[in-house]
Amino acid sequence: MLGLSKKDTTFLLIVIFLTLATPILLQPFPEGSALAQFNAGYPDLMQRFAIYGIFAIGFNILFGLTGYLSFGHAAFLGVGSYSVVWMYKLLSYNVLPGLILAVLMSALFALFIGFISLRRSGIYFSILTLAFAQMSFNLAYSVLTPLTNGETGLQVYTNDPQVLMSAGSPTSPHFFGIVMNESAKIDVGGWQFTFSNGYYFCAIIAIIVFYLSLRIFRSPFGIMLRAIKTNQTRMSYTGLNSRPYTLAAFVISGMYAGLAGGLLASMDPLAGAERMQWTASGEVVLMTILGGAGTLMGPVLGAGFIKYFENIFSKINDNILYAWFSALPEGLADALVFMLHPFIGKGWNLTLGLLFMLVVIFLPGGLMEGGSRIWGLITGKNRKSKKAGKDPEHHPKPSAHVN
Amino acid sequence: MARGFVGAGFTMDAIILQVLNGLDKGSAYAMIALGLTLIFGTLGVVNFAHGALFMLGAFCAVTLQRILSLSYTVEDPTQTDFLGNPLKVDTPYIVSWFGDATGNAILNWSVPLAILFAIPVMLLIGYVMERGLIKHFYKRPHADQILVTFGLAIVIQEIVKYFYGANPIPTPAPDMFRGSVDFGVMIGFAQNEIIYPYWRLVYFLFSAVIIGSVFAFLRFTTFGMVVRAGMADRETVGLLGINIDKRFTIMFGIAAAVAGLAGVMYAPINSPNYHMGMDFLVLSFVVVVVGGMGSLPGAVLAGFLLGILESFASMNEVKSVIPGIDQIIIYLVAIIILLTRPRGLMGRKGVMEE
């Protein structure tokens, strides 16, 4: 189906099913129960899963396939957001023109930045992309204030032209009348499921771009990119110029990032320069590595994982901890709360940093590798395949480009 | 041409002032970049946690200041506060131990004293970091090294935030250095033309001493000679029966100490906060790359050069011609240098090339 092998079609169908059923699947605990705080089925969070999933899928096309580690992808996220908000200001709250502009603008940006940065590889490439992103961030804060509204962030004001606005148009982001922040709530027994327009809009786009990335992974182009990651020198010996391929990968992943940024502004009509800061670039690197760079599902899992735990961990406080440990003797409960205290609430970043270090140290393949290792332990299957990989001469390990 | 510049505000004193202004930031860049290059040159590791080491140094100064000002409270029955209760007087232990004059002097000089405190602490942190974490990453790709040290930087940053809070902590310099010096008079200008804060001058001199001693250490001691030999050809040095790993570990400690000292002395210039390291790290990496990966003189040169360029770019006369140039000058220079001189200003052949 759709030019995919049978296995991939099944895979895609599973992904589609999971994505569409997310509002139900992420709401496993009934309302009002003690575990309800672990539910993630509310629109705001689900939208972020989908959007950052798109961002990470795009980043993975560059880093996972070619091995070029970009530390400046947040710039495209910012460009996307600004484009969408500008379209709100000039035309109307319909998100479509904005999203198209976001993808085009980020493609142009990526073409420019990529054309220059890709002249170098390795750490130099990382530094160059970082430099460009920091430049965009600094400019957005200072000189480009007329375009970006500086520290306040770009938003729609009542005196903006909005030439396509008619009397009946919705006054918040919508897609041909489907208003993003509207949702239907359905109560089933103790459960409450929220089906939000915004989430489904993001989810459908996410499915489309996931399908595209699946096609890229399986295409000759994708194989070429992987060849570049494995051994670029050998590629040039065969007389192949790898630059157009890496540039194409860079532009594609920039467009994904622009789309993600545009969607962020589609859910909440605001764009701020902090979206371009290099910590935001670092975040998408974290997501991709955590999930498993170079795998299809990994980056999405990583994005979901980070966003979910960011949300849950930052909400847990000492009182909730005490409630959990109420069965334990008092002294022990106190000690446990004291030990866990730095890692919860505002300490979420500490947990994230530690987790990230552990993953890089022990599980370079990310969650996906962990999953397949566990699966291998259960089925006892991968012993054979491991042996095949042990022959370094004939099966060189693909290494990242930063060498 | 020269006339035009002078007309636009580029008088001699303005130029000297901007050079001086650039020196203090340049000193910090140079010291951090020097440490980064040392680590890279010896161990071949790209250390994204180096900014965090700089920040830890600054917090050494904060910690020492807090330890020194630990005080006990006594009620002074002879005085009353505005509510009529006996006045509570906080007396730092240090004052009661050493007497008023000495005690207060120690408190006042807490930042310079923190140098003595920071050196062993930073050496230890560097040693632990290398043995505990970095050691296991020699054979891994640079991407993994970047990522794991990036994670470490986040962890260090969050720990500091947990203990010291998110707000900048003012850490004043000794009273003696708090004012400004009329630098122009010293070199033959009229009064009040070139005013420069004392502490920044101290910072520059301090960094010159530190950088000088690192170079002297590498050049004139046997230890330094072995390390340089190891940087050139690690394997051969190992074959000669020298335990080069141990020496490289010590160099990592020294690099950490250099970053830490840069941080200690920077505390009065900019009140330390938990993310100051990250802010400096990005720039320091740019500095290292501009100077040439693996070149120690290149790192120092590029540090000062970019510091001075940055301060020139923030002059109003320049900003009125190219708005916003002060925000991007460093990155712009880095991009131009990387594209025209791929190895950086003083990069050697064969370093960091596939």
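Is Phe206(B) buried or exposed? Phe206(B) is buried, since 20 other C-beta atoms lie within 10 Å of its own. A residue counts as buried if 20 or more other C-beta atoms lie within 10 Å of its own, as exposed if 12 or fewer do, and as partly exposed in between, with C-beta atoms placed from the backbone.

Before going on, a word on the model. It is a predicted one, in which local features need pLDDT of at least 70 and side-chain atom pairs count only at pLDDT 80 or more, while totals for chains, interfaces and linings use all residues. Residues are numbered from 1 along each chain as its sequence is written, and chains are lettered from A and ligands numbered from 1 in the order in which they are written.

Back to Phe206(B), then. Its place is in helix α8 of chain B, residues 198-220. Helices here are DSSP runs of H or I with at least four residues, strands are runs of E with at least two, and both are numbered from the N terminus. Phe206(B) and Leu261(B) are 55 residues apart in sequence, and their C-alpha atoms are 9.4 Å apart in space.

Now chain B as a whole. It has 15 helices and four strands. Its C-alpha atoms fill a box of roughly 75 × 60 × 35 Å along the principal axes. Of its 354 residues, 47% count as buried. Two residues are in contact if their C-beta atoms, placed from the backbone, lie within 7 Å. Of the contacts in chain B with a separation of 6 or more, 74% are between residues 24 or more positions apart.

Next, chain A. Its secondary structure comes to 17 helices and six strands. The radius of gyration of chain A is 23 Å, close to the 22 Å that the globule rule gives for 403 residues, so chain A is as compact as a globular protein of that length. That radius is taken over C-alpha atoms, and the rule is 2.2 Å times the number of residues to the power 0.38. The C-alpha atoms of chain A fill a box of roughly 65 × 60 × 45 Å along the principal axes. Of the 403 residues, 44% count as buried. Among contacts between residues at least 6 apart in sequence, 75% join residues at least 24 apart.

Where does helix α1 of chain A bend? The helix, residues 6-25, bends by about 40° at Thr19(A), and Pro23(A) follows within four residues. The bend is the angle between axes fitted to the seven residues ending at a residue and the seven starting there. Thr19(A), Thr22(A) and Pro23(A) are buried in α1(A). The cover over the buried residues of this helix includes α2 (43-66), β5 (191-196) and α7 (197-218) of chain A.

Another pair to look at is α12(A), residues 298-315, and α15(A), residues 348-362. They pack at an angle of about 140°, with their axes 9 Å apart. Axes are lines fitted to C-alpha atoms, for helices over the stretch in contact, and angles run from 0 to 180 degrees between N-to-C directions. Ile306(A), Glu310(A), Phe313(A) and Ser314(A) of α12(A) meet Trp348(A), Thr351(A) and Leu352(A) of α15(A). By class, this contact has four nonpolar, two polar and one charged residues. Nonpolar covers Ala, Val, Leu, Ile, Met, Phe, Trp, Tyr, Cys and Pro, charged covers Asp, Glu, Lys and Arg, and the others, Gly among them, are polar.

How do the two chains meet? In total, 39 residues of chain A are in contact with 32 residues of chain B. On the chain A side, α5 (122-141), α9 (232-237), α11 (278-291) and α15 each supply at least two residues. The largest share, 11 residues, comes from α5(A). By class, the chain A side has 24 nonpolar, 13 polar and two charged residues.

One residue of α5(A) is Ile127(A). It is buried, with 26 other C-beta atoms within 10 Å. Not counting residues up to four places away in sequence, Ile127(A) touches Phe285(B), Val286(B) and Val289(B). Within its own chain, Ile127(A) is 56 residues from Phe71(A) in sequence and 7.2 Å from it in space, C-alpha to C-alpha.

Last, two loop residues of chain A. Asn149(A) has a positive phi of about 60° although it is not a glycine, and its loop runs between α6 (145-148) and β1 (154-155). Asn149(A) is partly exposed, with 19 other C-beta atoms within 10 Å. Phe176(A), also not a glycine, has a positive phi of about 45°. Phe176(A) lies between β2 (174-175) and β3 (178-179), and is exposed, with 7 other C-beta atoms within 10 Å.
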